[in-house]
Amino acid sequence: NISFVGAAYRDRLEFLERTIERIQAKSMTFGIVGNFHRKGWYGKRQLERANPRIARSLISRQLPPGEVNRLYAQSATVLNIHHEQSRIGFNPRTVEIMASGRPQILDRKDDLEGLFPEGECVLYYSSPEDVAEHVEAISNDHTLRHKLQAGALEYARPHSMDMRMRE
């Protein structure tokens, strides 16, 4: 039902652990991909002990861009968690997910809501409960899902590399 691609920052691990609990309580699946077992982060056994839900949902390896794009395209919904240092603006993943045509659940940031209106191309979350509710809504409401998919593609267009280079 939902996927996340990214690094294992401590704040993300805590948020993912709480989110997975809520997603699985609704009998939905959550796939996590990222290089979580690299030097400086968790070793595999340490992660399994500290975050067993994440360990069971995890594919721990770095994916090349083409594989990431395929993963997005195969996901019903994609979760985007910005690094805690990203207080304004958005990461490249935001537009990459939109360009895949998949609904995106994005962390709520005031400056983003003016760029990407909620309900048109993304849904925003403030808590793990929000994520679980959004995933359920996207799974059950075909109209919402199609609106978000079409909106994502439309909003991604002006952020392509070609368009950015012309600016």
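This is a predicted model: local features need pLDDT of at least 70, side-chain atom pairs count only at pLDDT 80 or more; totals for chains, interfaces and linings use all residues.
User: What makes histidine 134 count as buried rather than exposed?

Analyst: Buried means under 20% relative accessible area. Histidine 134 has 17%, so the residue is called buried. Its place is in helix α7.

User: Which residues does histidine 134 touch, leaving aside those up to four places away in sequence?

Analyst: With that exclusion, histidine 134 touches Ile105, Glu118, Leu123 and Tyr124. A contact here requires heavy atoms within 4.5 Å.

User: Why is glutamate 136 called partly exposed?

Analyst: The label covers values between the buried limit of 20% and the exposed limit of 50%. Glutamate 136 has a relative accessible area of 31%, therefore it is partly exposed. Glutamate 136 is found in helix α7, residues 128–140.

User: Why are lysine 26 and glutamate 136 said to form a salt bridge?

Analyst: The criterion is a side-chain nitrogen of Lys or Arg within 4 Å of a carboxyl oxygen of Asp or Glu. For lysine 26 and glutamate 136 the N to O distance is 3.0 Å, so the pair qualifies. The two residues link distant parts of the chain: lysine 26 lies in the loop between α1 and β2, glutamate 136 in helix α7, and they are 110 residues apart. Lysine 26 is partly exposed, at 34% relative accessible area.

User: What else does glutamate 136 touch besides Lys26, not counting residues up to four places away in sequence?

Analyst: Met28 is also touched by glutamate 136.

User: What makes serine 27 stand out in its backbone, and is the residue buried or exposed?

Analyst: Serine 27 has a positive phi of about 60° although it is not a glycine. Its place is in the loop between α1 (10–25) and β2 (30–33). Exposed means over 50% relative accessible area; serine 27 has 70%, so it counts as exposed.

User: How many salt bridges does a search of the whole structure find?

Analyst: The search finds five. One of the salt bridges joins arginine 61 and glutamate 67, whose closest N and O atoms are 3.0 Å apart. Arginine 61 is partly exposed at 39% relative accessibility, and glutamate 67 is partly exposed at 27%.

User: Which residues are joined into one network with Arg108?

Analyst: The side chains of arginine 108 and glutamate 113 meet in a salt bridge, 3.0 Å from N to O. Salt bridges that share partners join Arg108, Glu113 and Glu118 into one network. Arginine 108 is partly exposed at 35% relative accessible area; glutamate 113 is partly exposed at 29%.

User: What share of the chain counts as buried, and how much area does the chain expose?

Analyst: Of the 167 residues, 45% count as buried. The chain exposes about 9,000 Å², and carbon and sulfur atoms supply 48% of that area.

User: How many helices and strands does the chain have, and what share of its contacts join residues at least 24 apart?

Analyst: There are nine helices and six strands. Among contacts between residues at least 6 apart in sequence, 66% join residues at least 24 apart.

Technical notes:
Residues are numbered from 1 along each chain as its sequence is written. Side-chain values use heavy atoms; hydrogens and water are left out. Helices (H or I, at least four residues) and strands (E, at least two) are DSSP runs, numbered from the N terminus. Buried means under 20% relative accessible area, exposed over 50%, partly exposed in between (1.4 Å probe, protein chains only). Accessible areas come from the Shrake-Rupley method with a 1.4 Å probe; for residues, only the protein chains shown count as cover.
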